[in-house]
Amino acid sequence: MLSGRGVILGQVEDSGDVIVIGAGLAGLACARALDEYGFDVTVFESSDRVGGRAGGPVVDGFKCDWGLQWFDAQSMVIRAAVDVAALRPQAWDQAMVLADPGAFWLLRPPQLAFLSVVRNGIASQAEVAKLIRWSDPMRQRDEHILAMEDMSLADSFQVHGLEGRLLEDVLMPAARIVLGDQEGLGSYQYAMLMWRRFLLGSPSLPALGMQALPDLMARNLNNAVLHGVSADSITRVANGQPVIATNGGEFTAKAVVVATDPRSASALVGTGIRKMQAQTTWWYAAPEAPTTQKCVFVVPQLVEGPIAHAAVVSNIASRYAPGGSALIGAASRPGVTGASATDSMLRGQLSSLFQTSTRQWELLRVSSVEDAHPVVSSPMVMKRDVDLGDGIFVAGDHRDLPGFEGAIRSGHRAADAVFRLIG
């Protein structure tokens, strides 16, 4: 058996009140909420770290997250789950640099929507008028956004007559950066909600790297996460307790919360798999930063290459890189994998993007995530059921809106549902 916490019942170990499978942000938030309800909670995690898609490994002293990540330091959902002040948030600049060949244009809100694109020749005044009408919902309250007619993001561009450079070089890159939407497949409502929260919030990195967020959440649990435990199956026991078969034996509890990625959750409890977007991020170490900017550099849509946008993350949070050096993260275009991008392609594009030589840069890590971002299709569904019956629950941003906040919110909803069952 894997731990000494349970009581052996024949061939099955009783692991207290609740078992949470998966120590990503959803599972950690759920476990902490259950702790506060007074339950005895056991968390299983198959890997050697907590956080799931949040955070990532340290390579030669460089903190290489799974992607170009950020969290909203002002989010009340995140603040309810962790002591944000202890993370010492370092703010991203809410802007982007459009790196056209031979020119750099810094676009920042609210100028991004109305003034800067005209001054830089990206759009005419008539096109900006269309942009103002298209973006009007993000200046309204959430209730107004949720009440409007939904459509795909791509259809919303067409309805409002948005096209050309304004669409390809500004709006679509902004969708990739904020929404993880690579092709305009997502919901217009969702886009308005997320851009509104991005502009009103404080997108940040923890001073010591994104891994600090789930690590702090895990340290706040009453019982330590059990690593190296993978669930193989869950048996629904009518009028009884679910039985979880793992690589370390069988366990039972009054309730089980499956807080894994959507593919694993579907294999265990048949939830089905939401459409997901893949993402590849290349991490480079450089002897010095190629820019002082604290925002993303965007590659124009018509410029060929595997990279969609990049940023010097050590400009935002200096501890991402050892002293005196810099860490650059570059995010892929849709469908690009680490194997399909050659070193010369990447270096050539980064050299053009930052207008500097990359010969002394070292490729530290390639982070390829098959299911990086759930796609929020039209019509938008904000919440999916977390209570599957028979003492089985599910959590993750695939049950809510994508991202760290959605994962945490789903974990809290699952904890509340468990409480209603056995509290």
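Trainee: How do you know that S22 and strand S23 (residues 392–394) pair?

Mentor: Two strands pair if DSSP finds at least two bridges between them, and S22 and S23 are joined in the antiparallel sense over two bridges, so the pair meets that definition. Within this pairing, Gly389 stands opposite Ile392 in S23. Helix H14 (residues 404–422) packs on the sheet and touches S3, S16, S22 and S23, its direction making about 165° with that of S23 (such angles run from 0 to 180 degrees between N-to-C directions, with axes fitted to C-alpha atoms, for helices over the stretch in contact).

Mentor: Keep in mind that this is a predicted model, in which local features need pLDDT of at least 70 and side-chain atom pairs count only at pLDDT 80 or more, while totals for chains, interfaces and linings use all residues. Residues are numbered from 1 along each chain as its sequence is written, and side-chain values use heavy atoms, leaving out hydrogens and water.

Trainee: What is the mean pLDDT of the protein, and where does pLDDT stay under 50?

Mentor: On a scale of confidence in each residue from 0 to 100, the mean is 89, and 92% of the residues reach 70 or more. Over residues 3–11, however, pLDDT stays under 50, and the model has 17 contacts there (heavy atoms within 4.5 Å) beyond four places in sequence. Where pLDDT is low, the predicted coordinates should not be read in detail.

Trainee: Which strands stand at the edges of the open sheet, and what makes them edge strands?

Mentor: Six strands form this sheet in the order S12-S4-S3-S16-S23-S22, with mixed pairing. Strand S12 (226–227) and strand S22 (387–389) each have a single partner strand, so one side of each is left without a neighbour in the sheet, and these two stand at the edges. Helix H1 (residues 25–37) lies across strand S3 (18–21), strand S4 (41–45) and strand S16 (255–258), running at about 165° to S3.

Trainee: Why is Cys30 called buried, while Asp83 is called partly exposed?

Mentor: Buried means under 20% relative accessible area, exposed over 50%, and partly exposed in between (1.4 Å probe, protein chains only). Cys30 has a value of 0% and is therefore buried, whereas Asp83, at 46%, counts as partly exposed. Asp83 has its place in the loop between helix H2 (76–81) and strand S8 (89–91).

Trainee: What makes H8 count as a helix, and why is H8 described as largely enclosed?

Mentor: Helices are DSSP runs of H or I with at least four residues, and strands are runs of E with at least two; H8 covers residues 164–179, and twelve of its 16 residues are buried, so the rest of the structure largely encloses H8. The buried residues include Leu166, Asp169 and Arg176.

Terms used
pLDDT = per-residue confidence, 0-100. Bend = angle between axes of the 7 residues up to and from the residue.
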